[in-house]
Amino acid sequence: MVEIIWSVKKQNLLLHLKSPKGGISIMLIIDSKDCENIDKALKKYKKKFEKSKVLLQLRERQSYTKPSVRRRNEVLKAVYKQSIASGKIEA
């Protein structure tokens with residue numbers, strides 16, 4: 001559920017995102033200038049939301065990943081990055 005509050009006085013966009021089960025709650029405040037409208041403020045919100053990586057956290061919490069599997073994936077990712085850096089694999 002997303003609550004959107006547009007403050008006309010301060011020209012701020014305040015978005016409060018709550019997960020239905022109460023797991024993650026995030027509040028993003030976007031300051032906008034006098035010349036901007038709600039569409040530009042929503043565009044800024046979208047970029048800020050992607051940078052905060054909340055959606056990735058929600059997807060990770062949907063299923064449990066064992067620590068050994070998580071470590072194995074990190075090692076495989078590091079080996080892959082190193083092989084790209086050394087020139088064995090072309091990206």
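Student: Is S83 buried or exposed?
Tutor: S83 counts as buried, because its relative accessibility is 13% and buried means under 20% relative accessible area (1.4 Å probe, protein chains only). This is a predicted model, where local features need pLDDT of at least 70, side-chain atom pairs count only at pLDDT 80 or more, and totals for chains, interfaces and linings use all residues. Residues are numbered from 1 along each chain as its sequence is written, and side-chain values use heavy atoms, with hydrogens and water left out.

Student: Thanks! Where is S83 found, and what is S83 in contact with beyond its neighbours within four places in sequence?
Tutor: S83 sits in helix 3. Setting those neighbours aside, K88 and I89 are in contact with S83, contact being heavy atoms within 4.5 Å.

Student: Zooming out, in what order do the elements run?
Tutor: From the N terminus the order is β-β-β-α-α-α, with three helices and three strands in the protein. Helices (H or I, at least four residues) and strands (E, at least two) are DSSP runs, numbered from the N terminus.

Student: How much of the protein counts as buried?
Tutor: Of its 91 residues, 20% do.

Student: Which residues make up the largest nonpolar core?
Tutor: The five are L28, I30, Y45, F49 and V54. Strand 3 (25-31) and helix 1 (38-52) each give at least two residues to this core. A nonpolar core here is a set of buried Ala, Val, Leu, Ile, Met, Phe, Trp, Tyr and Cys residues joined through side-chain atoms within 4.5 Å.

Student: New topic: what lines the largest pocket?
Tutor: Its lining is E60, S63, Y64, T65, R70, N73, E74 and K77. Helix 3 (residues 67-86) supplies the largest share, four residues. On a 1 Å grid over the protein atoms alone, a pocket is an open set of points where a 1.4 Å probe fits, with protein on both sides within 12 Å along at least five of seven lines; lining residues have an atom within 4 Å of a point.

Student: And what is the volume of that largest pocket?
Tutor: About 330 Å³, where a volume is the space filled by probe spheres set on the grid points, joined across faces, edges and corners.

Note on methods: Buried means under 20% relative accessible area, exposed over 50%, partly exposed in between (1.4 Å probe, protein chains only).
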